[in-house]
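Here is a short report on a protein and its ligand.

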Amino acid sequence: MDRISIAYPVFRGNERKYIDECIDTSWVSANGRFVKEFQQGFADYCGCKYGLACSNGTVTLHLALIALGIKPGDEVIMPTLTYIATANAVRMVGATPVFVESDPDTWNVSPEAIEKAITPKTKAIIPVHLYGLSCDMTAIMDIANKHNIPVVEDAAEAHGAKWDGKVVGSMGAIGSFSFFGNKIITCGEGGMIVTNDEELFETMKLYHSQGVDPKQKRYWHLVSGFNYRMTNMQAAVGLAQLEDIEWHKAQRRRVAGTYNKLFKEKLDGLVKVQRVDDPENHVYWMNCIMLTDKVKKDRDQVMAEMEEKNIEMRPLFYPMHVMPPFEDKSVTFPIAEKIGSRGICLPTHAGMDESKIEYVVDSLEEILTK
Ligand SMILES: *Cc1c(COP(=O)(O)O)cnc(C)c1O
């Protein structure tokens, strides 16, 4: 059996044709039709008015926080269990990330924990749709609206997941996405912001391109901004992937369906997965398992044994509050710590065939039961 990678992008649409067009027409930088079409197409897909293509899914969060006026001294509530970019973006505006506990079943941020963490300094909430599963956006938006705090959805892992019929990214004030090589759809590196708020959009647009005045003369800058633009070449790939997003989602759900069926048959009681109440909620960026207490081996040992069988594994994210840049010994989040220390991400990609999924689960069965 060849090595089974954790992730693998699939390009089966217009990607190459559009890239060729960039080169043939010499529109390779941030001007060009693909940037415009990708932005509008992605915003439409999310049910939002505005889309802004950016260089990655970290700077999108940075721009969102700038547009909301978040500054040093402000607090931003987020799950401790997330990818570090969420927390880094808060540091980029000099604000303080306030980490909160996860839900033991969905592994997403606990709405109750968000509400408990609110102080007069809280200026934003960033729920993260972890591994492709939508957070409980009804509960989160109720809390946010009650306290009048804006929400930035970190939807970097969950393109096209839905909550109560709405696409993630469209429910908060701003939605942020990543198109890194292993995400649901990719353009190598890239990010997108969606919003329905014209003023927020104009501010993010201003800062993403050196603060250049959109109306005034050339080289006239209104603020000190950044170069966070996406290139037309990236957008060419992104647009082609977007045209094919329903296929990508369907394939990921197929892979998850097979994993879940085999977990029940072969690993019952040994592993837990994220609880999914409605199939529309999850787009399965990754299929992750958490080893239950019945498994006596530690997680890293299981991963090492799987690697020996030529299967690439990833640990679940380590909670932010235990890692050097954000370490805080005065707090403890037992649920997030447990998920983080007992969780494993399994190979998940749209092109993964059934025999490989079976090989992964059979290997796990052997390792967990022997
Ligand atoms: C991937 C990811 C990001 C950052 O995206 P990049 O494009 O890699 O900068 C942000 N948040 C979460 C939760 C992610 O998984």
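## Ligand site

The shell around the ligand holds four nonpolar, seven polar and three charged residues. Ala, Val, Leu, Ile, Met, Phe, Trp, Tyr, Cys and Pro count as nonpolar, Asp, Glu, Lys and Arg as charged, and the others, Gly among them, as polar. The model is predicted: local features need pLDDT of at least 70, side-chain atom pairs need pLDDT 80 or more, and totals for chains, interfaces and linings use all residues. Numbering runs from 1 along each chain as its sequence is written, and side-chain values use heavy atoms, without hydrogens or water.

In total, 14 residues surround the ligand (a heavy atom within 4 Å). The closest are Thr 58, Asp 154, Glu 157, Ser 178 and Lys 183.

| Residue | Protein atom | Ligand atom | Distance |
|---|---|---|---|
| Asn 56 | side-chain N or O | oxygen | 3.4 Å |
| Gly 57 | polar backbone atom | oxygen | 2.8 Å |
| Asp 154 | polar side-chain atom | nitrogen | 2.8 Å |

Taken alone, the ligand exposes 380 Å², and the protein buries 93% of that (Shrake-Rupley method, 1.4 Å probe).

## Overall fold

The protein has 12 helices and 13 strands (DSSP runs: H or I of at least four residues, E of at least two). Its radius of gyration, 21 Å, is close to the 21 Å from the globule rule for 370 residues, so the protein is as compact as a globular protein of that length (C-alpha atoms; 2.2 Å times the number of residues to the power 0.38).

How values were computed. A polar contact is a pair of N or O atoms within 3.5 Å; within protein, one must be able to donate a hydrogen and the other to accept it, and residues adjacent in sequence count only if both atoms are side-chain atoms.
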